[in-house]
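Have a look at the model first, then read on.

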Amino acid sequence: MRIRKCSHLAARVARYTIALFLLLATAWTALALIPPPLLINRSNASCAVTDREGKLVRLSLTGDEKFRLWVALDALPPALLQATLQYEDRWFYHHPGVNPVALVRAAWTSFVARGRWMGGSTLTMQLARQRFRLNTHALPGKLRQIGYALWLERHFSKETLLEAYLNIAPYGANIEGAGAAAWVYFHKPVAELSADEARALALIPQNPRLRAPLTPAGQQALQAAWQVAYGDDPGFERLGFRHREDLPLRAPHFAERLCQRRGESLTSTLDPTAQALTEGLLHSFVRQQRAHGIGNAAAMVVHAPSMEVLAYVGSADYLDRRIQGFVNGVKARRSPGSTLKPFVYALAIDQGLITPDTLLKDTPLRVGEYRPENFEGNYLGPLSATGALVRSRNIPAVALSAQLRQPTLYQFLGLAGLKLTKGEAFYGLTLALGGAEASMEDLIGLYGLLANGGHYRGLRWLIEDVGGGPQTAAPPRLSPQAAFLVRQMLEANPPPQRSFGLRSFSGKLPVAWKTGTSSGLKDAWALGLMGDWLAGVWLGNFDGSPNRQLVGRDLAGPLLFGILEAVSQERPGGGSKPTPPPGLKAVEVCPLSGALRSPWCPHGKSGWIIPGVSPIKTCAVHRQVFINPANGLRQCRGDEGHSQPQVAEFWDSDVLELFRLAGVRRASPPPFERPCEDLTGGDGGAHPPTIVSPLASQRYPIRADGNSRIEFSGVSDGGRHRLFWFVDDSYVGEGNTVFWPGRPGRFGVRVVDEQGQSAATALTAVPVE
């Protein structure tokens with residue numbers, strides 16, 4: 001009776017097997033008509049970022065809170081492939097997705113012999129179960145798994161299926177794929193696994209809940225499976241497993257910045273030494289300044305020639321929610337203060353407006369209705385362009401910015417990668433003083449122009465991107481000459497008395513640096529170039545709260561120099577002092593006027609010009625005049641008979657007034673003995689007055705209520721202080737500054753000094769409501 005029952009069961013199994021084979025053959029033909037599925041959703045994968053030395057910076061989670069990292073088949077070690085196939089599916093390359101022998105054996109054990117449940121799954125069936133989230137603990141689920149496996153085999157090669165399996169196979173907890181498992185358990189990329197580590201990983205997917213070596217019990221279960229699979233092989237004893245909690249969280253803002261490209265293993269340009277130094281100095285600095293209300297900071301270090309990002313610190317503490325540490329301060333757009341001023345001067349040099357020695361006026365200025373003021377609220381009178389930039393005077397920068405054409409500062413910033421959200425008219429001349437918002441990434445890119453001969457090179461984040469590319473072939477945004485001269489001008493900026501963490505700054509290379517303070521004292525900036533190192537620092541609070549301590553030079557400067565000093569000491573070989581590019585010419589200039597030295601200048605110094613571009617003017621401050629020794633009065637041309645030659649300084653009237661207010665004595669040229677008909681010879685070349693306002697390039701609004709007034713202001717030359725103003729030959733008034741009631745239209749404005757010399761401009765007035 002028992003023999004008959006067994007025979008009956010065997011016949012049933014045989015019938016089921018034959019039916020199964022027929023079903024498989026029919027399905028195999030029909031599956032070709034069904035479009036292939038998306039095998040792997042690579043967009044929902046982890047991102048592994050390593051530094052330039054291959055050490056893990058961060059392994060991110062997927063959108064469904066998994067560690068799942070895509071690795072190409074050819075990047076997987078042969079030991080892992082061999083061990084996986086040996087342990088999971090020896091006949092993988094010989095079956096159509098289903099192993100009939102294994103299925104029969106599993107059916108006999110599970111249904112006939114009533115032994116332990118056996119699935120008989122092939123590697124492709126396991127892929128199907130994982131990919132389509134199938135429940136295969138019952139017969140219907142197992143049949144669906146078989147159908148999906150055949151479908152996959154019908155449309156994909158064996159290599160593609162093996163690659164997909166090893167990228168989504170379960171390796172315990174929320175770890176999927178061999179790439180993620182290698183980082184979690186061994187802190188190394190899967191390609192660098194040893195043979196023992198690869199063989200251990202191959203054992204986990206068959207029972208990941210029990211064998212994942214995340215706990216001592218899991219390691220014991222995995223060791224037991226090792227002994228079953230590999231016998232007495234001692235390789236397991238050589239393994240050292242890590243835990244998920246051991247995964248590093250280094251440079252978190254940098255990793256997040258890169259992991260916008262999900263599903264990849266990224267070897268970044270991050271330098272672990274530069275990153276650690278920058279983080280340490282920044283964190284210490286903020287701790288010291290917290291008592292003064294400074295809660296946050298950000299910093300960035302770049303290798304300027306290649307624009308490789310070496311250090312990237314987005315906040316003082318990524319995990320501190322009290323200071324919104326998760327916000328990336330390097331990427332955030334804020335008012336850059338005066339950090340854009342160097343590019344006003346660079347454009348002015350390129351457009352032939354100035355040289356580094358050109359004398360600029362730091363005097364009251366009005367452009368239309370805009371009256372810029374200096375940060376300190378005072379005026380310094382005449383300054384060289386270098387002095388005005390180094391001392392970050394607002395008025396000279398605005399005056400130069402108003403003269404820029406093709407490109408204007410706004411146009412230049414757009415060409416250099418800074419994306420401004422409003423039109424040029426919205427910002428006006430405030431752009432030179434930080435009227436637009438920019439991120440530190442933007443500013444570092446701009447300052448890279450000064451290090452790279454005026455060529456714009458985008459930031460390099462990945463090692464694979466280093467080495468040039470199309471960007472290096474782009475036309476320069478600045479001439480090499482202007483880039484060099486502005487860098488040299490910024491090197492004249494004296495360093496802080498001490499850099500943070502050091503008694504004094506001892507850098508062997510000069511630092512070209514500039515600071516910035518936003519309006520309202522909300523942001524303090526400092527950016528600097530030392531050799532090949534380019535660094536930027538921002539200090540402030542992410543909530544935008546003001547603080548009177550937030551002054552760029554006083555607060556951000558020492559931290560900037562501390563970072564540059566530390567990086568240069570730990571990473572020697574950071575370049576050398578820049579050399580002048582071709583196209584510059586050294587000339588002798590007058591130190592007082594900044595123009596070419598005249599015979600009357602008592603002293604000279606060396607300066608740079610760009611031949612054919614730079615303004616070539618001879619010093620007009622020092623002039624020879626002739627004095628009647630009897631009364632000390634100046635002689636007209638033709639009256640020099642018994643007069644004595646003398647060198648006098650000729651300053652404009654507004655500058656002389658500033659000298660007077662500052663208590664600086666500057667003697668005016670003596671007055672003429674009599675009115676002169678010809679002034680050109682009497683004082684070495686007299687100069688007519690200059691109109692400061694109105695400007696022909698501006699349109700002046702006239703309100704309908706009749707209360708509009710347009711300012712006329714000018715300066716007279718060399719002691720001739722009386723100025724007379726006319727509009728279309730109608731007299732308006734006398735003085736350095738007068739106001740005209742104004743009416744719509746286009747008019748001619750003329751100013752005449754007491755010697756009859758004049759200047760003229762056009763005025764356009766437009767009605768507004």
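How many residues does α20 have, and how far does α20 reach from its first C-alpha to its last?

1. Bear in mind that this is a predicted model. As for α20, there are 19 residues, reaching 26 Å from the first C-alpha to the last. That is close to the 27 Å expected at 1.5 Å a residue.

2. Is α20 mostly covered or uncovered? Mostly covered: 14 of the 19 residues in α20 are buried.

3. Asn541 counts as buried because its relative accessible area is 11%, and buried means under 20%.

4. What does Asn541 touch? Leaving out residues up to four places away in sequence, Asn541 touches Gly293, Ile294, Gly295, Asn296, Arg334 and Lys522. With one of these, Gly295, the side chain of Asn541 reaches the backbone nitrogen at 2.9 Å. The Asn541 side chain also makes a polar contact with the side chain of Ser545, at 3.3 Å.

5. Ala332 and Asn541 are 209 residues apart along the chain, yet 12 Å separates their C-alpha atoms.

6. Elsewhere, take a look at strand β8 (residues 359–362). Leu360 and Asp362 make up the covered face of β8, while Leu359 and Lys361 form the uncovered one. β8 runs antiparallel to strand β9 (residues 381–384), and four bridges join the two. Leu360, on the covered face, has Leu383 as its bridge partner in β9.

Methods:
Residues are numbered from 1 along each chain as its sequence is written. This is a predicted model: local features need pLDDT of at least 70, side-chain atom pairs count only at pLDDT 80 or more; totals for chains, interfaces and linings use all residues. Side-chain values use heavy atoms; hydrogens and water are left out. Buried means under 20% relative accessible area, exposed over 50%, partly exposed in between (1.4 Å probe, protein chains only). Contact means heavy atoms within 4.5 Å. A polar contact is a pair of N or O atoms within 3.5 Å; within protein, one must be able to donate a hydrogen and the other to accept it, and residues adjacent in sequence count only if both atoms are side-chain atoms. The expected span of a helix is 1.5 Å times one less than its number of residues. Two strands pair if DSSP finds at least two bridges between them.
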